[in-house]
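Student: I would like to learn how to read a structure. Please take me through some features one at a time.

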Amino acid sequence: MPAEAPARGDDVTLKDGTLVRVRPIRPDDEPLMAEFHAGLSTRSVYHRYFHITSLEQRITHTRLALTCRTDPALGLALVGEHRRDDGRPEVLGLARLTRTAPGDAAEIALLVVDRWQGRGLGRALLQRLVAAAAERGVQRLYGDMLADNDAMRAVVRHAGFVIRAVPGDAVVLRAERALS
Ligand SMILES: CC(C)(COP(=O)(O)OP(=O)(O)OC[C@H]1O[C@@H](n2cnc3c(N)ncnc32)[C@H](O)[C@@H]1OP(=O)(O)O)[C@@H](O)C(=O)NCCC(=O)NCCS
């Protein structure tokens, strides 16, 4: 398996011309990730985690320390980082790949701060996550979403995923894509 994705990342231009660097998450991203979580609406949190968690719960040091480190054998997390006018960085989006079980399948998840949704970042993050998964030998990607999550449905469809009902579950849909 290749080493972790290049730390530098690559640049993406959003629909509105904003330049965002997509790079692997780092342990020193904890303060940026706390700010990132503060920019999420209850709706976005619910769509991501399928339940509500408070900001306080999401930004404990224990949780952030865990989520800012990824074991390359188990997965990868990419952040979309933007420089404000005063030069300070902010994380606008997060894409996570998790190898949930031994084998060739991995789960995807996406989260973009509300004020930056709809500008193409979700699509760009997923495109890079798919490429990173393919480089790591993953052969099948999947991700679950709530049935009313039209934005995620659009993003995964654009990336070549097929959306299927989950048997026995009227609320959750599963997106799947094979990688060759
Ligand atoms: C899902 C999510 C990651 C998408 O990120 P994003 O940056 O807004 O996505 P993009 O701007 O790249 O693309 C959004 C697409 O959805 C479409 N879209 C957005 N809202 C829509 C709606 N209500 N109905 C139909 N399409 C919609 C947009 O038109 C766009 O498609 P296009 O590029 O063909 O125009 C973001 O909305 C998010 O973080 N939501 C909360 C967390 C979540 O739902 N995660 C998914 C489960 S893990």
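**Pocket, salt bridges and core**

Tutor: S5 contributes the most to the lining of the largest pocket, with six residues. Helices (H or I, at least four residues) and strands (E, at least two) are DSSP runs, numbered from the N terminus. This is a predicted model, where local features need pLDDT of at least 70 and side-chain atom pairs count only at pLDDT 80 or more, while totals for chains, interfaces and linings use all residues. Residues are numbered from 1 along each chain as its sequence is written, and side-chain values use heavy atoms, with hydrogens and water left out.

Student: Which residues lie nearest the centre of the largest pocket?

Tutor: On a 1 Å grid over the protein atoms alone, a pocket is an open set of points where a 1.4 Å probe fits, with protein on both sides within 12 Å along at least five of seven lines; lining residues have an atom within 4 Å of a point. Here 34 residues line the largest pocket, and Leu110, Leu111, Asn149, Ala151 and Met152 lie nearest its centre. The elements giving two or more residues to this lining include strand S5 (105–112) and helix H6 (150–158).

Student: How many salt bridges are there in the whole structure?

Tutor: A salt bridge is a side-chain nitrogen of Lys or Arg within 4 Å of a carboxyl oxygen of Asp or Glu. The search finds 14 of them. In one, Asp10 pairs with Arg128, with the closest N and O atoms 3.1 Å apart. Asp10 is in strand S1 (residues 10–13) and Arg128 in helix H5 (residues 121–135), 118 residues apart. Another joins Arg84 and Glu35 (3.0 Å, N to O). Arg84 lies in the loop between strand S3 (75–83) and strand S4 (89–98), and Glu35 in helix H1 (residues 30–38), so the pair ties together parts 49 residues apart in sequence.

Student: Is Glu81 buried or exposed?

Tutor: Buried means under 20% relative accessible area, exposed over 50%, partly exposed in between (1.4 Å probe, protein chains only). Glu81, at 10% relative accessibility, counts as buried. Its side chain meets Arg83 in a salt bridge (3.8 Å, N to O). By contrast, Glu35 is partly exposed at 40%.

Student: Which residues touch the most other members of the largest nonpolar core?

Tutor: A nonpolar core is a set of buried Ala, Val, Leu, Ile, Met, Phe, Trp, Tyr and Cys residues joined through side-chain atoms within 4.5 Å. The largest has 48 residues, and Met33, Ile108, Leu126, Leu141 and Phe161 touch the most other members. H5 supplies the largest share of this core, eight residues.
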